[in-house]
Amino acid sequence: MTKRALITGITGQDGSYLAEFLLTQGYEVIGMVRRSSTVNFERIEHIQAQVTLATADLLDEVSLINLLREYQPHEVYNLAAQSFVQTSFSQPVFTGEVTALGVTRILDAIRIVNPEMRFYQASSSEMFGKVVEVPQTEQTPFYPRSPYGVAKVYGHWITVNYRESYNMFACSGILFNHESPRRGLEFVTRKISHAVARIKLGLDQELRLGNLEARRDWGFAPDYVRAMWLMLQQNEPDDYVVATGETRSVREFVEFAFSHVGLNYQDYVVQDERYMRPAEVDLLVGDPTKARTELGWQPEVTFEGLVKIMVDADVAMLKERLR
Ligand code: NAP
Ligand code: G4F
């Protein structure tokens, strides 16, 4: 029997990699997209002929019910969210509507249409925020530091609640930062790799950044979508931390990215208050022991490998554009 998966957020970084991965596993892939005045399918252009795109929105429950009724997926991966922390400070209510209540809408739609559908929720290490222990595990209490983090805590607990209340196969992956050449340009890693490439090619002279001392546990997005799928193949639903176990500062990322193209970051980086946050998450580092032992998951790309992949991809992309 061909398995059918629905991905919300298929036009995003993770959605595009997950769609690719599920296609290689023989799945029929349905991608939920929202209406926009311009098409934004860049990340899935290369697989568009192999997936079915259907319109619905996490803000509109009826659209979700209709979508599930029509396609009857076996697995639902809820990756859609307002996912940028900085924006959540300027649009806290909107972030709550999409990133928090959106999870209830899709869980409830599943409960109404067919509670046998397996569900994956994209939880986040941002839920640990001002961390109360190091490293962070599935047992570490949450202390979110942004409206985004607060919304993700809601999404996490409503997933647990539907699992316990309705016996649904609902899992959360508590994913630490994961990056790639498909990362949005507003996130710090891609902002850096893109700027490094522009500076190297003589298209820019400086890179303005906020807090250089924040530390993150950075992995490679294609490694992380494998973990999402593995969670839904287990006998019992559960929650898992997905991380590398290594933490690096923004400064280290910048330093390594510039040095990879033979430049010194101190000649180009300018600190700019505009990119500071009202409340910061200073240190994240996950303990992926449970994912390793129970799912057999481990990351394949190192921190250095990730930076190189991203810088090289941006240099190649810009060179191609300049031809
Ligand atoms: P992303 O690139 O920002 O993609 C977000 C996706 O959500 C896009 O496809 C977007 O559609 C869609 N979306 C936003 N609002 C929607 C709505 N109201 N209805 C339907 N779709 C909507 O995010 P990502 O990096 O791939 O992350 C995927 C998920 O994992 C997110 O939930 C994020 O919060 C979570 N997460 C990410 C990380 C990470 O490091 N990347 C770590 C932990 C958790 P448009 O293209 O139309 O905007
Ligand atoms: O790249 P960021 O914007 O990612 P952040 O806030 O860690 O959130 C990402 O990871 C979460 C998982 O932990 C996801 F849930 C979330 O959806 C998203 O994918 O910022 C990383 C760090 C922050 O400490 C920020 O203050 O970089 C610091 N930073 C310094 N200068 C900057 C900048 N961040 C951005 N975006 N832009 C800057 O100029």
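# Exercises on a two-domain chain

In this predicted model, 27 Å separate the centres of domain 1 and domain 2, taken over C-alpha atoms.

**Exercise 1.** Work out which residue ranges make up domain 1 and domain 2, and describe the contact between them through the number of residues in contact and the buried area.

*Solution.* Begin with the domain assignment, which gives domain 1 as 4–178 + 219–242 and domain 2 as 184–217 + 247–284 + 301–322. Next, take the residues in contact, where 20 residues of domain 1 meet 18 residues of domain 2. Then turn to the area: the size of an interface is often given as the accessible area lost when the parts come together. Between domain 1 and domain 2 the buried area is about 1700 Å², and carbon and sulfur atoms give 58% of this area.

**Exercise 2.** Find how many salt bridges there are between domain 1 and domain 2, and examine the salt bridges that R216 forms with E126 and with E280.

*Solution.* The structure as a whole holds 23 salt bridges, and the count between domain 1 and domain 2 is one. For the pair of R216 and E126, the closest N and O atoms are 3.8 Å apart, and for the pair of E280 and R216 the N to O distance is 3.7 Å. Because a salt bridge requires a side-chain nitrogen of Lys or Arg within 4 Å of a carboxyl oxygen of Asp or Glu, both distances pass the cut-off.

**Exercise 3.** Locate the cis peptide bond at P135 and the positive phi of Q72.

*Solution.* The cis bond joins V134 and P135, with omega at about -5 degrees, and P135 lies in the loop between strand 5 (118–124) and helix 5 (147–166). Q72 has a phi of about 45 degrees, although this residue is not a glycine, and its place is the loop between helix 2 (61–71) and strand 4 (75–78).

Definitions and conventions
Residues are numbered from 1 along each chain as its sequence is written. Chains are lettered from A and ligands numbered from 1 in the order in which they are written. This is a predicted model: local features need pLDDT of at least 70, side-chain atom pairs count only at pLDDT 80 or more; totals for chains, interfaces and linings use all residues. Side-chain values use heavy atoms; hydrogens and water are left out. Domain bounds come from an automatic or database domain assignment. Contact means heavy atoms within 4.5 Å. Buried area is the accessible area (1.4 Å probe) that two parts lose on being put together, summed over both. Helices (H or I, at least four residues) and strands (E, at least two) are DSSP runs, numbered from the N terminus.
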